[in-house]
Amino acid sequence: MAILNLRKQKDSAFLVQSPAYFDSRLAGEVSRARAIAGVGFPLGLGFHVFATATFLYLGAMPLVYFNIFSVLAFSLASYLIIWKDRLKFAYVLAAFFEMPLHAALATLTFGLESLFLIWLFIPALIVFWLPFTWRARIVFSVATALFLVLIAVLGAVTAPWHQIPLGWMTFFVIFNALGAISTLGVLFALNHRITTKAEAALEKEYARSESLLYNLLPEDIAARLKVEPDQTIADSLPKVAILFADIVDFTPRAATLLPEEIVGFLNKIFRAFDELAEKHGLEKIKTIGDAYMVAAGMPNPCGDPVHRVAEMALDMQQTVEKMAPEFPEGLQVRIGLHAGPAVAGVIGNRKLFYDVWGETVNTASRMESHGEPGRIQVTTAAKEELEDAYEFEPRGAVEVKGIGAVETWWLAGAKA
């Protein structure tokens, strides 16, 4: 929707002045107001053309002259909305200036019995559907109601300015009653239709935002944040298993590829890894460049976290072997895993991120970075939990920066 360029006027202190505020908070009301104007203003224009001819026939010249002004006013209001985006000024001109004056003048001309005063209910009600501040809405509505009372009192204590036959009085009573009621009915129906469509769109956007939230964060973590948005999510996890995987020789390969080719290359591989993580019930933590990190036992503990990441690692090897022929330079990954305690939580307040920290994470990362292409390196702690069901090859001690000498093993596969 185009931003409306509303000029600040001293007599519009109650109106919304900021275009940004107008767009971001009142977009639905602007759409509704335009729809109402698209129906109401053409009807009003046609009514005033008909009324001009009728009043001319009856010889009520003050109303004839005013109706000429009314036709011009509704024409100008339609022009302001369609071509100039001056929505609020158009409503002030047509609904809150012309309609009350027209109803008042017709009431004083033909008397209260003509029911022209009933048209004052329309601006008093529709102001609450329009893109004004609540203070402006109340002011316009109360002012219209007070004006209605004033004209009713004047009509009661003064004689009609123009006498008309009983047949014409009956016609005006029927026309005004049916016209005002039908107009309000159409406006309420239109408002209901717009509101229903807006609610459906809102529900769709809510479902989309929910889906996006659960894609960014684990389901349990997202649920906790929804209940208490300002709470700090920080959990001590007694036993998690962490797996890191890294694409071998990615940096020199990326130097020869176009940006979209790099993204497509990584996307193809990491999507396959995502499917494996879902298959084994693991929590994808993040990707860092060409590195992929997944964990078991978080955010909720599980009984066999190390076995789960071991199965994931072996499946990753098979997946990469199947995909390798699709790439001219082949495809290999280094994989490392470790298990132990860790701390997990949510950081950030705009782009929320669920992450995990601790020595277990650092060690698992080192197992990957100090590993070899096409192999899965594990620590002794992980090997001890897996040795009943998996085959291992000893690698020996590996000097790991920040940790020292670490006894490591190659995970060869599941036992027959």
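Which residues lie nearest the centre of the second largest pocket? In this predicted model, the residues nearest the centre of that pocket are Gly-40, Gly-44, Met-99, Trp-119 and Thr-183. They belong to a lining of 23 residues, and the volume of the second largest pocket is about 460 Å³. Four helices, α1 (19-58), α3 (87-110), α4 (121-126) and α6, each contribute at least two residues to this lining. The largest share comes from α1, which supplies 7 residues. By residue class, the lining of the second largest pocket consists of 15 nonpolar, 7 polar and 1 charged residues.

The largest pocket has a volume of about 570 Å³. Two or more residues of its lining are given by each of α6 (166-216), α9 (259-279), β2 (283-288) and β5 (353-357). Strand β2 provides the largest share, with 5 residues. In total, 17 residues line the largest pocket, and those nearest its centre are Tyr-214, Asn-215, Leu-216, Glu-283 and Lys-284. The lining of the largest pocket divides into 10 nonpolar, 2 polar and 5 charged residues.

Helix α6 is listed among the contributors to the largest pocket and also among those to the second largest pocket. The leading contributor is the strand β2 in the largest pocket and the helix α1 in the second largest pocket. Charged residues number 5 in the lining of the largest pocket and 1 in that of the second largest pocket.

Technical notes
Residues are numbered from 1 along each chain as its sequence is written. This is a predicted model: local features need pLDDT of at least 70, side-chain atom pairs count only at pLDDT 80 or more; totals for chains, interfaces and linings use all residues. Side-chain values use heavy atoms; hydrogens and water are left out. On a 1 Å grid over the protein atoms alone, a cavity is a set of points where a 1.4 Å probe fits but cannot get out, and a pocket is an open set with protein on both sides within 12 Å along at least five of seven lines; lining residues have an atom within 4 Å of a point. Grid points are joined across faces, edges and corners, and a volume is the space filled by probe spheres set on the points. Ala, Val, Leu, Ile, Met, Phe, Trp, Tyr, Cys and Pro count as nonpolar, Asp, Glu, Lys and Arg as charged, and the others, Gly among them, as polar.
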